[in-house]
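Please look over the sequence and the model below before reading on. The report that follows goes through the sheets, the ligand site and a few backbone details.

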Amino acid sequence: MSNTPVNDNFALLPDSYLFSAVGAEVAHFRDSHPDARIISLGIGDVTRPIAPAVTQAMRRAVDDMASAETFRGYGPEQGYMFLRQAIADVDYAGRGMEIGSDEIFISDGAKSDLGNISDIFSRDCRVAVTDPVYPVYVDSNVMAGRAGQLTSQGWNRITYLPCTEATDFIPRLPETPVDLIYLCYPNNPTGTVLSAARLKEFVDYAREHKCIILYDSAYEAFISTPGVPRSIYEIEGAREVAIEFRSFSKTAGFTGLRCGYTVVPRGLTGKCADGSMLSLRDIWLRRQTTKFNGASYIIQRGAEAVYTPEGRSQIQAVIADYMRGARLLKAACVQAGLKTFGGTDAPYLWVKCPQGYDSQAFFRLLLERLCIVSTPGSGFGPAGEGYVRLTAFNTEAATAEAARRIAAIGEL
Ligand SMILES: *Cc1c(COP(=O)(O)O)cnc(C)c1O
């Protein structure tokens, strides 16, 4: 036992009791229906194996480690140049955006970066998030002491930008001053996207109000609709106001391998209490070199292979598979008379609960009547109430079977 004072903010964090309750309910259903063929469309994890081009590259990298001439010890904290250059060339220059390899920071995943970025901003920053929201954005700010107190309308120092059917799933610009705006497009959990025109309104707002946008584009590879922005840097002026987070997790199945990257443009600045300016790129570099030793060489070689012609076509085939599943699920929901959003440019479907059901009741109905596990939307924030999330990340056969069950659901 110790009396060592702890970061009190951790005591503010509630248990994510909804998600544990959901887990317990599924476990109970499984126990009481041992023969039920339960299909999980609740998972936010990929199921297809790593592309052969990537595993071959990693095998070669393992061999590099076995020989004195090619062995690597500590790598550059910012990531190996071979990977940063491939990202700059393919993901940015190849799409008409100018991002230098020195502005790219390789990491062990986007979640770490999205949580860690909090380190470089003042505790006094005012934060805006969309609602529903990926919980990491909120919880990492609670830990940093920026969220205030939890009320029935959420945290009282966080500005929520509701995204519902009524707003066409487009967040309105903040009405009170904020310093940081988290945006995630294509969106988890709703599966919806933001057009270039709508995204430009946020970029213009951030330029005018001198605040920073933290842009999570973990699902950009799932976009198929022409014109939907894959990167915030497609928008004029975004280099002055935006940090972008990306990941190989959903793009190339790296959820277990772990690799992502963050772009912090040179010239992006923040202000010290004494009025002086600091380069966000420089302080993020300082943060990373102090607290992080880089992603593994083997994994970075694997990520590099994602950018080879074989790697690209292999991962695109897997994404096309997932999105075929998403289309099947969406068609089934529509056939069942369910209002369904997303699922076109993201592997997530956001299904409106039928009349008389809230998120949890509809979750239960899908479980008990169809043996399908969904995620209640209310777990993602107050504006998620009245929806459930379905994912297209299960195997092709399981997704197709789930679609058949949904299409045949009958009277609700
Ligand atoms: C899956 C996901 C990520 C990726 O996280 P990793 O740590 O790279 O696995 C980032 N943002 C959102 C919204 C996600 O759903």
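## The four-stranded sheet

Four strands make up an open sheet with the order β13-β14-β17-β16 and antiparallel pairing. Strands here are DSSP runs of E with at least two residues, helices are runs of H or I with at least four, and both are numbered from the N terminus. Two strands count as paired if DSSP finds at least two bridges between them. At the edges are β13 (340–342) and β16 (375–376), each of which pairs on one side only.

Two bridges link β16 to strand β17 (residues 387–391) in the antiparallel sense. T375 has R389 in β17 as its bridge partner. Helix α11 (residues 309–335) packs on this sheet and touches β13, β14 (348–352) and β17; contact means heavy atoms within 4.5 Å. The direction of α11 makes about 10 degrees with that of β14. Such angles run from 0 to 180 degrees between N-to-C directions, with axes fitted as lines to C-alpha atoms, for helices over the stretch in contact.

## About the model

The model is predicted: local features need pLDDT of at least 70, side-chain atom pairs count only at pLDDT 80 or more, and totals for chains, interfaces and linings use all residues. Residues are numbered from 1 along each chain as its sequence is written, and side-chain values use heavy atoms, with hydrogens and water left out.

## The seven-stranded sheet

Another open sheet has seven strands in the order β2-β10-β9-β8-β7-β3-β6, with mixed pairing. Because β2 (104–107) and β6 (158–162) stand at the edges with a single partner strand each, one side of each has no neighbour in the sheet. From one strand to the next, the twist averages 20 degrees.

β2 runs antiparallel to strand β10 (residues 260–263), and four bridges join them.

## The ligand site

There are 14 residues around the ligand, and D216, Y219, S247, S249 and K250 come nearest. A residue is near a molecule if one of its heavy atoms lies within 4 Å of it. The shell divides into six nonpolar, four polar and four charged residues. Helices α5 (110–116) and α8 (248–252) each supply at least two residues of this shell.

A nitrogen atom of the ligand lies 2.6 Å from an N or O atom in the side chain of D216. An oxygen atom of the ligand is 2.6 Å from an N or O atom in the side chain of S249, and an oxygen atom of the ligand is 2.7 Å from a polar backbone atom of A110. Taken alone, the ligand exposes 390 Å², of which the protein buries 93%; the areas come from the Shrake-Rupley method with a 1.4 Å probe.

## Backbone details in loops

The peptide bond from D131 to P132 is cis, with omega near 5 degrees. P132 is in the loop between β3 (127–131) and α6 (135–143). A cis peptide bond also runs from Y185 to P186, with omega near -10 degrees, and P186 is in the loop between β7 (180–184) and α7 (196–209).

R258 is not a glycine, yet its phi is positive, at about 80 degrees. R258 is found in the loop between α8 and β10.

Definitions and conventions
Polar contact = N/O pair within 3.5 Å; in protein donor to acceptor, adjacent residues only side chain to side chain. Nonpolar A, V, L, I, M, F, W, Y, C, P; charged D, E, K, R; others polar.
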